[in-house]
Amino acid sequence: MPMPGYVFRDGGPIPDSELDEQQRSNNPAGETSRADAVQPSTSSSSNFSTPTSSTSHASDSHALAHADHEKKGEAQIGHDDSIKDLGWNEHPADVPKPLVGGLPNDDLWKLVRRFNKQMYHVRATNAPLLGGLDLNTVENEEFSPDKLRANLERLYMTIIIGMMGSGKHVARLRSWREPRRTGAFLAAYVVAWIFDFLVPLFLSTIIALIAYPPSRSFLFPPAPLALVSSKTGGVQSPSAGVLGSHDSATGAPEKHKGEAVEQEASNFVSGIGSIALSSAAGKHEPGEPEDHNSSAIDKSVPDPTRLAVAGADAKHAANGGQPATHHDKTKQPMEDAMWTKMRPTMHILGDLCDGWERFGNALSPTHPFPQDGPRLKLAGVVAGLLGVSLLTTSAVFMKVNTFFLGFGFFSDPLLWRGLDWLNKTYPNWQKLLEIRNSLLKGVPTNAQLTITLLRIGEVNKAPLPPPPRSDEPPPDKPKSINGDDLALDASHEEIHDAIHQDPNDATAAEKAAAEKPKHRHGEHILGFFKGSAKTSIETKFGIDKVRAKAGSTDAKNHLGVLPKPGEAIVSGPVDFKGRYKGHKGWIYVSTTATIPSVSFSREASDGTGDAENTNAAFSVPVQDIRELKKIGGLGWKAKIVVGWATGRTVADGLEIIDKNGTTWKLTAIQLREELFNRLVAMGGQKWECL
């Protein structure tokens, strides 16, 4: 039985809903009442068309969100016009299961967590969608180190982990530790080799894996990634010491599915930064003495290669140069060239990850997307290749390949004339040939899948609860595993010893942690600077309060960005704590009115807050929003320093730009990601990523 949720009226009681004309005329300039905030907009100057009927949708994602699905979760069950709280501030165990039919809650939250890291800036577009789905990345997307880091993390979580799993399957086959399975593969290979049938056999196997999902676990039985040795193909003890997760390379424990891989991805990028810094700093240079570790100076100076990792950790806690060389004429040009090339590099990484995710979602579709069409289309293409391979001898194959090689080499003028004709006759022919607009048309990336799931919740007035958050460490115990289901050639005792931490190692680790470390002079110096930095930060924020009262815009934007330690984050799905122009208040997302809107008020829905300022400072219809941009509560340098010195999380902000180009800047929003997700999923806009 699905668990009941709470039902809220959007925005709660409206304190000024009965203001007469005399009272309304006394409102400050630029402010509207919260009653006005939910009234229909009479403006018709928008250049964008927003679908409003159930029969006209901006994209396939919008159509799927409005469709009647066979498998339904709690977020897909219709109810009255009020917003239903499905457990935004509840323990994960108390959240209804499943929220979306056919998708476990842990898988849903994994998608949303990664969506939050990937999305920074979206803009509404009226351009046609060749692939049927919105939220595509523009060609000239904005570059930032944060986005590059996010794409590198995606690269690890998708391609690198996937290739690692494939490599371990090959190692298992080659090891002969599963003799019956390896023998069957060998027999099939030998027979196909004798009858010159290797290519058809290979293509037939690919077709079976694509078209018939049960064949995947039959031919390649799954096993925890960290439990299989890539060298021997046998059982190994996970590098984390315990098998706390099944899909991570280290087997590290996790509280919720996917968190261990995400932490590995973060450490992967930090490791790249550490190696780059090591190279730049010249660590272990050839002329360094062998006994450099015994030097008193080396012992007292902190290791510079730790700065990259420490900076990443500090940024993570908060979220989240170079010396001038006057005579080096190559320095600035080379830096400019590197930064210029970072944008296309980041775009290529994003395209690679998008392609990998599309293939994954075509082979293993997630509801509510079609379950069979994309797989059968892929299988049909491979079946065509199978037919060609059956009718083609090796001699003909080589003849055809050498013909095309010669044609491509000697027909350059003809090729250019042909390309010129295509460009004039079909200007978008390159786009039409892209795999996302042809073979994988309609197949989503994980971000497109996530926004569709978020839209399902918004359509049914049941916004999806955010992923659980907790400061508690994950349990240091192995995940449950059935040894009988593992196709590994190992006894129960071997598997038990591999997935459990050795008590002797655990005892030694506890003793090492209990021993009081010897403090070095460098650590004392860093501790002094850390304390000084913390004092300076507190002083700076105190000065900002004075400057904000004097009218400083920058100071107002810094107010409240550093929440008090231990402050409970309880808000949503209708009202979100935040600030506008430095004033404390609540951002309201109203959907019960004729026109859904987002507004800001200094009074809470329960009547608390600033009773003297009950008017809405602004109200923007959701359909009029043209851009949503996440902004940092502090600059990246200040964020690193604050995270390092205080260990506290910085509350970030959000910019809302409407169709008239007006920008509304909201700051100190503790649930910034959840507010962004609601706004991006509510309207009928077609979004593109910047």
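Entry 1: I began with strand 7 (residues 597-601) and strand 8, which run antiparallel and are joined by five bridges. Strands here are DSSP runs of E with at least two residues, numbered from the N terminus. Two strands pair if DSSP finds at least two bridges between them. I looked up Ser601 and found its bridge partner in strand 8, Ala616.

**Entry 2: ground rules.** I noted that this is a predicted model, where local features need pLDDT of at least 70, side-chain atom pairs count only at pLDDT 80 or more, and totals for chains, interfaces and linings use all residues. Residues are numbered from 1 along each chain as its sequence is written, and side-chain values use heavy atoms, with hydrogens and water left out.

Entry 3: I traced an open sheet of 10 strands with mixed pairing, in the order 4-12-3-9-10-11-5-6-7-8. Strand 4 (136-137) and strand 8 (616-621) each have a single partner strand, so one side of each lacks a neighbour in the sheet.

**Entry 4: strand 10.** Which strands pair with strand 10? Leu628 has Ile656 as its bridge partner. Strand 11 (residues 663-669) also runs antiparallel to strand 10, through five bridges. There, Asp652 stands opposite Ile669. Four residues lie between strands 10 and 11 in their hairpin, where Gly661 takes a positive phi near 85°.

**Entry 5: burial.** I checked burial next; buried means under 20% relative accessible area (1.4 Å probe, protein chains only). Seven of the seven residues of strand 10 (residues 652-658) are buried, so the strand is largely enclosed by the rest of the structure. Asp652, Leu654, Ile656 and Asp658 cover one side, and Gly653, Glu655 and Ile657 the other; all are buried.

Methods. Buried < 20%, exposed > 50% of the residue type's maximum accessible area, 1.4 Å probe, protein only.
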